[in-house]
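Here are my notes on this two-chain model, point by point. Have the viewer open while you read.

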Amino acid sequence: MWKRKSSVLQRYFAIDAIVLIAGSIAANSSIQGAPRAAQAHFSISVQFDCLWWSEPQMDGMDPNHPPPKNTRVKLKRWEYTDPIGVPHPDIVDVAVQIRNDSARDGIAILPEVNIQWFEGALNNKASAKWGRKIRLAKPTSFRLAPGETKSIRFPIDIASEMAALSTARQWPWALRAVVTTSASGVTVGSTQLELPIIPGD
Amino acid sequence: MLYTLLKASLPIPNTGKKTGGEKLSLKLATFELLPASGFGYYTISPSTRQYGTHATIQMLLDIARQQYWNMPKLPIGIGDISLHDGAAMPPHKAHRHGRNVDLRPFRIDARKLPTAIHESSYDRAMTELLVKNLLAHCNVRRILFNDVKIHGVHTFPGHNNHLHVETKE
């Protein structure tokens with residue numbers, strides 16, 4: 001699923017949306033009782049993505065009876081310039097993928113996401129300011145076997161935010177997500193990524 | 001009689017004055033819906049977002065008919081125009097008065113898909129012909145599009161993948 005792309009969609013989603021972190025942790029023996037010298041290594045990638053139409057679905061689509069969006073695509077930006085071809089989903093996911101690169105087993109992994117909106121007047125982006133940090137629902141922790149990978153998604157309702165702001169002619173010009181991953185209570189990676197949100201003209 | 005009919009078809013009275021915080025205009029009642037299909041074009045927006053002034057819809061039908069006779073296998077992709085009452089149409093800043101239309105540039109493979117000026121699928125020659133036809137129409141005021149090699153268009157951020165056509169009436 002992570003590699004599914006169409007040639008049209010690829011134009012709008014850059015590979016650089018992925019931030020890769022190699023995390024390293026000296027396991028806290030006071031918590032886990034593991035040997036102090038034992039080390040665990042994780043690869044953590046974070047990106048914005050969403051469900052959108054595939055290229056075959058877009059080709060000649062009836063906009064009054066669109067098919068369900070069932071192709072997952074990586075988002076470099078949210079943009080309303082083509083009603084079908086350029087993704088502008090109601091829901092954007094912060095997708096976190098974590099792989100245990102070590103030989104250690106049984107480490108409790110916990111990713112957490114905080115978001116902020118960059119909000120201001122629809123006709124004046126310069127007026128926008130970062131709002132308060134909002135913590136998304138805390139997921140339960142999980143354990144990864146050596147070499148195992150797990151993907152977790154944190155959905156963000158962009159459409160609701162736009163609707164809430166629209167009455168005052170305001171706009172969420174960007175979305176920032178900070179993903180902090182901890183293992184056995186120790187932070188092993190913190191990634192910040194931003195999604196520009198571009199209105200139509 | 002006509003006014004009565006218009007009044008009955010509108011959710012709000014048409015006084016032209018501010019009532020309950022909304023500015024009303026009789027012009028709103030004259031919006032027409034672009035037919036969902038026709039000669040020389042296809043739509044890429046839901047019908048609810050394709051209302052325009054009578055003159056704007058006629059301009060689109062004129063240009064599309066011309067396109068059909070000249071290039072029947074290369075229809076124009078028509079996107080957002082306005083809502084039925086001309087109200088604000090998020091997430092657009094404009095498109096409020098039935099006189100703004102978004103069109104797709106042409107592709108060399110003639111598929112009904114988006115393209116943009118820096119992409120290999122973009123067909124500059126055919127898009128330039130479309131621009132010429134549009135600018136020759138008596139109701140077209142301005143076209144925003146970022147291909148500077150096409151004479152007559154105005155560049156504007158965000159217009160690599162669509163032509164924003166403004167009409168006079």
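1. Start with helix H2 (residues 54-70) of chain B: its 17 residues reach 24 Å from first C-alpha to last, close to the 24 Å expected at 1.5 Å a residue. That expected span is 1.5 Å times one less than the number of residues, and helices here are DSSP runs (H or I, at least four residues; strands are E, at least two), numbered from the N terminus.

2. Which residues of H2(B) are buried? They are B:Thr56, B:Ile57, B:Met59, B:Leu60, B:Ile63, B:Ala64 and B:Gln67. Buried means 20 or more other C-beta atoms within 10 Å of the residue's own, exposed means 12 or fewer, and partly exposed is in between, with C-beta atoms placed from the backbone. Down the axis of H2(B), the buried residues fall within an arc of 155°, so they line one face of the helix; the arc is that of the directions from the helix axis to the C-beta atoms. On the face turned away from that buried side sit the exposed B:His54 and B:Trp69.

3. A word on provenance. This is a predicted model: local features need pLDDT of at least 70 and side-chain atom pairs count only at pLDDT 80 or more, while totals for chains, interfaces and linings use all residues. Residues are numbered from 1 along each chain as its sequence is written, and chains are lettered from A and ligands numbered from 1 in the order in which they are written.

4. On confidence (pLDDT is the predictor's per-residue confidence, from 0 to 100), chain B averages 85, with 83% of residues scoring at least 70. Its residues 1-28 are below 50. Chain A has a mean of 82, and 80% of its residues reach 70 or more; there, residues 1-38 stay under 50. For the complex, the predictor gives an ipTM of 0.77 and a pTM of 0.79.

5. As for the folds, chain B has three helices and ten strands, and 38% of its 169 residues count as buried. Chain A has four helices and twelve strands, with 35% of its 201 residues buried.

6. How many residues of chain A are in contact with chain B? The answer is 23, in contact with 25 residues of chain B, where a contact means C-beta atoms, placed from the backbone, within 7 Å. The elements of chain A giving two or more residues to that side are helix H3 (55-58) and helix H4 (158-166). By class, that side has eleven nonpolar, seven polar and five charged residues (Ala, Val, Leu, Ile, Met, Phe, Trp, Tyr, Cys and Pro are nonpolar; Asp, Glu, Lys and Arg charged; the others, Gly among them, polar).

Technical notes. Two residues are in contact if their C-beta atoms, placed from the backbone, lie within 7 Å.
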